[in-house]
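Here is a short report for someone meeting this structure for the first time. Take a look at the model before reading on.

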Amino acid sequence: MSIRFLNPVLINQIAAGEVVERPASVLRELIENSLDAGATSIKINLREGGKTFIEIIDNGTGMNADDLDLCVERHATSKIPDNNLFNIQSLGFRGEALAAVSSVARVGITTRQAFMETALHLSVSGGEKSVITPAQSPIGTHITVRDLFYATPARLKFLKTTAVELSACMDVIERLSLSHPHVSFYVTHNERTLLAVAATDSFNTRLSKVISKDFGENAIRVNYHDDFIAIDGHISLTTYTTSSANKQYFFVNRRPVKDKLLHTALKLVYHDYIPRERHGVCCLFLTLDPSLVDMNVHPAKTEVRFVQSGKIRDVLLSVLHGFLREHPTQTSSHLSQAALEAFTPANTLVPPHYSPSVITPLQQRFDARPQAPTQARSSAQKNNAFSFTRSLSAQSSQTPSFSLQGNTALQTFEEVERNLENHSDNEVYAEEQSEENALAHYPLGHARAQLFKSYIISETNDAFYLVDQHAAAERLFYEKLKRQIDQREIKRQLLLIPEIIDVKEHVLKNTLAHLSSFKDFGFILEPFGVCQMIVREAPALLENKNIKQLITDVLDCFEAEGDTLDQHFLRSHILEKLSSIACHGSVRFGRSLSLLEMNALLRDIETTPFADQCNHGRPSFIRLTRSDLEKLFERS
Ligand code: ADP
Ligand code: MG
């Protein structure tokens, strides 16, 4: 067959395969056009997940007759004013969306600009344009797309079920509505309203409406900028997680993107704090010089290419980590509510004042974090009850009431364990008596009792805590390990009997390349034999626990990740293994503790980041106030 040029409809249909793969991608293009046209109100009606019907009505600028005629032609765009691809302010710019959609579906466009006396209508079916006729319509543009892919049956077959297509459509709508809070969105599916959000100045309001009210209440505000990048938005507290990763909304220069680099960075940020199968939630806007990011990689514009991707990931990791660390204890609030509900008498006996309207103000009070004594809380400290502890320790030499006998309260749990043999029970008791008042001023108060050899009850002036000693000890161990690693002062121990590990040939190269990283974690590995490694030293903290298994597991991940494995992954994999060893190896569960030991553990918790949960995201303590108890017993 001789070479011929493709006809325009065919060209558009081929292009449509790239630009529009499903109803959601059509919808994205249409919404973006409306936003580019300055709309402040967008109404969307869908049927059958958008497969048979998509309608979008905006109040944007509209088009005149010439533009209406041109807009469905390929490479016709009003959005690259100075022919500079890297200076695009609008969402669209490829000038192919309407051409592509109207080559594979039945499209109707009705549009009206402010000064026009009537609206104008154009329809296009399978690439065939009608003549433009006058029509009735308010200012703005109204587009219908019927029977997507009717003209290309082969593609029609790839459409998924209504539910799947609908959820993809909603995902698109959610993302664009998050980046445009000043625009109202109203969405129906088969005549049922799915989303109705009014225009708002408050990003938080939009966040709560679109993602969930819960997220609005359990999110940390992130706000960072340097010469290179600005990062703005919200990330969830470590106790607020979801089962799927699709509640992670990223925007680059205000465009919604789904980018592996960004999602991976978020995974690494939360990795230490949440169970493996759970995911953090975020809504983050990254702003950087447009010349440092190529938004044009993907026809549907969801992928981006960063010029300095490594740098972006590093900044993101350290910034988000920083913000998470500033909020280490905020998480315990909703647990108190749950605990209180558990204590509340059975439903039939619920006293009248437990109606929801009374619970609400109560809940608000729970949301306040544990209160340290007010006199020592400067405004800089007020967001972090635990920074109070540290400043208290620093002040204790000058403040007589806190100069604790022998400084016992400031010893670490392990020091106390070690010294305990030197104390007689009577001495211990006397010390505790004299310290009680002082101890009550600590955020977690002084230990009162132990239950089931597993839980510590402690008391402050106005509240009591229930502490899961095992969960807390796990976190302490883990944070200590990380601190040693980060400060490059991990203590190693020579293995009396070195472990020999078989290494598969194809991961040997990677293993050898990462020997110095292993060393950073306290493992000295050397090649041995043909396909074997020998472990000569290991972190002293591990006390020889499961070292062989740990290294084998880590090497397995080399196999999964291949050459893409880098420092960050290695770190997170090793930490994950260490953390599960910490979890299983922790001896604190089911062990009687003296009051002295309990107090030392409490003091350790106070100064350890994220000590309100174990490495697997289980809470490690719960707080109830005196007035909660009074309410519970109907005293107030
Ligand atoms: P692009 O958005 O990349 O320019 P499209 O095919 O999506 O390409 O749209 C072509 C042109 O049609 C746009 O540049 C714009 O001028 C016009 N247009 C499309 N949708 C609208 C709308 N809702 N309101 C006003 N003008 C629109
Ligand atoms: Mg467009």
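This is a predicted model: local features need pLDDT of at least 70, side-chain atom pairs count only at pLDDT 80 or more; totals for chains, interfaces and linings use all residues.

Residues are numbered from 1 along each chain as its sequence is written, chains are lettered from A and ligands numbered from 1 in the order in which they are written, and side-chain values use heavy atoms, with hydrogens and water left out.

**The ligand site**

Ligand 1 is surrounded by 19 residues. A residue counts as near if one of its heavy atoms lies within 4 Å. The closest are Asn-33, Thr-77, Ser-78, Lys-79 and Gly-95. By class, the shell has seven nonpolar, eight polar and four charged residues. Helix H2 (23-36) and helix H4 (97-104) each supply at least two of the shell residues. Helices are DSSP runs (H or I, at least four residues) and so are strands (E, at least two), numbered from the N terminus.

Polar contacts are pairs of N or O atoms within 3.5 Å. A polar side-chain atom of Asp-58 lies 3.0 Å from a nitrogen atom of ligand 1. Backbone atoms take part too: a polar one of Ala-97 is 3.2 Å from a ligand oxygen, and a polar one of Leu-98 is 2.9 Å from a ligand oxygen. The protein covers 94% of the 530 Å² of accessible area that ligand 1 has on its own (Shrake-Rupley method, 1.4 Å probe).

**Helix H10**

Helix H10 has 17 residues, 309-325. The expected span is 1.5 Å times one less than the number of residues. That gives 24 Å for H10, and its end C-alpha atoms are 24 Å apart, which agrees. Its buried residues include Ile-312, Arg-313 and Phe-323. Buried means under 20% relative accessible area, exposed over 50%, and partly exposed in between (1.4 Å probe, protein chains only).

**Salt bridges**

The structure holds 15 salt bridges. Each is a side-chain nitrogen of Lys or Arg within 4 Å of a carboxyl oxygen of Asp or Glu. Three are listed here.

| Asp-69 | Lys-129 | 3.1 Å |

Glu-479 is buried, at 3% relative accessible area. Arg-325 is partly exposed, at 33%. Elsewhere, salt bridges that share partners join Asp-69, Glu-73 and Lys-129 into one network.

How values were computed: A polar contact is a pair of N or O atoms within 3.5 Å; within protein, one must be able to donate a hydrogen and the other to accept it, and residues adjacent in sequence count only if both atoms are side-chain atoms. Ala, Val, Leu, Ile, Met, Phe, Trp, Tyr, Cys and Pro count as nonpolar, Asp, Glu, Lys and Arg as charged, and the others, Gly among them, as polar.
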